[in-house]
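Let's take a friendly walk through a protein model, looking at strands, sheets and charged side chains. Have the structure open while you read.

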Amino acid sequence: MKYLMRASPTIGGAATAKAAESAYLEQRSPNYPLELFREMYRNVPGKRRFVGFSYIFANDTLIYGRSTFTNETPAPPDFQFEGPAPSMSQRIDGVGIIASRWAIIFVSLQDFSGENEIEELRLTLPEDWRLEYYGGSGKLLNGTMLRVKFSSVRRNNYAVLAFRTDGVPDSLNLRVTVDGYTYQLVHSPST
């Protein structure tokens, strides 16, 4: 995988985030960042977590999905994004790696209805996280809660975030707002 050459499992950071972003933009599929992070995870030294989530919405309401937030497994989980549903109005897929000194999170947000109803992505930052890189189709708003606002006319959106960290948190507060309702994307750690 050519993107893996630009990614660094030992230092993470902007180069790896840009490799995930390039993979997504070239193929227009979240599966490429998923495969990149899955390969990288095997070589990340020290304490680490693998994050994955996939949700399907119908009529702007969550109907089903899954998430994983691993506890330092030696290999990444066999996590897959949900398959398409005939009546879906939106789908949100994401993947990430959190290591002791860095974290990278990629999120794909697609709306299949007439107007984009995916309003914003919110991440409550752990105290010791510092944003190192943002790439995406939304407007980044900084603060104690990092927010990415999306246009109502753009229906295929994404966000890739790279952070400097000091330790691996026990949870991740990542939420999305769809048609005025907010949903938690990552749930408590699983084994």
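Predicted model: local features only at pLDDT ≥ 70, side-chain atom pairs only at ≥ 80, totals over all residues.

## A strand on the inside

Let's start with strand E3, which covers residues 90–99. Is it enclosed or open to the outside? Ten of its ten residues are buried, so E3 is largely enclosed by the rest of the structure.

Now look at where the side chains go. In a regular strand, side chains alternate between the two faces of the sheet. Here, Gln90, Ile92, Gly94, Gly96 and Ile98 point one way from E3, while Arg91, Asp93, Val95, Ile97 and Ala99 point the other way. Whichever way they point, all of these residues are buried.

## The neighbours of E3

Strands of a sheet pair through backbone hydrogen bonds, and the pairing can be parallel or antiparallel. With strand E1 (residues 48–58), E3 pairs in the antiparallel sense, over ten bridges. To find one of them, go to isoleucine 56, whose bridge partner in E3 is arginine 91.

E3 also pairs with strand E4 (residues 102–111), again in the antiparallel sense, this time over nine bridges. Glutamine 90 has aspartate 111 as its bridge partner in E4. With two residues between them, E3 and E4 form a hairpin.

## Charged pairs

Side chains of opposite charge can pair when their charged atoms come close. How many salt bridges does a search of the whole structure find? The count is nine.

Another salt bridge joins arginine 147 to glutamate 120, with 3.1 Å between the closest N and O atoms. Arginine 147 belongs to strand E8 (residues 145–149) and glutamate 120 to strand E5 (residues 118–124), so this pair ties together parts that are 27 residues apart in sequence. Are the two partners buried or partly exposed? Arginine 147 counts as partly exposed because its relative accessibility is 28%, whereas glutamate 120, with a relative accessible area of 5%, is buried.

Next, find arginine 164 and glutamate 132, which form a salt bridge with their closest N and O atoms 3.0 Å apart. Arginine 164 sits in strand E9 (residues 156–164) and glutamate 132 in strand E6 (residues 130–136), so the parts they tie together are 32 residues apart in sequence. Arginine 164 is partly exposed at 34% relative accessible area, and glutamate 132 is partly exposed at 32%.

## A five-stranded open sheet

Strands E5 and E8 turn up again in an open sheet of five strands, ordered E7-E8-E5-E10-E11, with antiparallel pairing. Which strands stand at the edges? They are E7 (139–141) and E11 (181–184); each has a single partner strand, so one side of each is left without a neighbour in the sheet. From one strand to the next, the twist averages 20°.

To finish, zoom in on the E11 end of the order. Strand E10 (residues 173–178) pairs with E11 in the antiparallel sense over four bridges. Look for threonine 177 there: its bridge partner in E11 is threonine 182.

Notes. Residues numbered from 1 in each chain as written. Heavy atoms only, no water. Buried < 20%, exposed > 50% of the residue type's maximum accessible area, 1.4 Å probe, protein only. Pairing = 2+ DSSP bridges. Salt bridge = Lys/Arg side-chain N within 4 Å of Asp/Glu carboxyl O. Axes fitted to C-alpha atoms, helices over the stretch in contact; angles between N-to-C directions.
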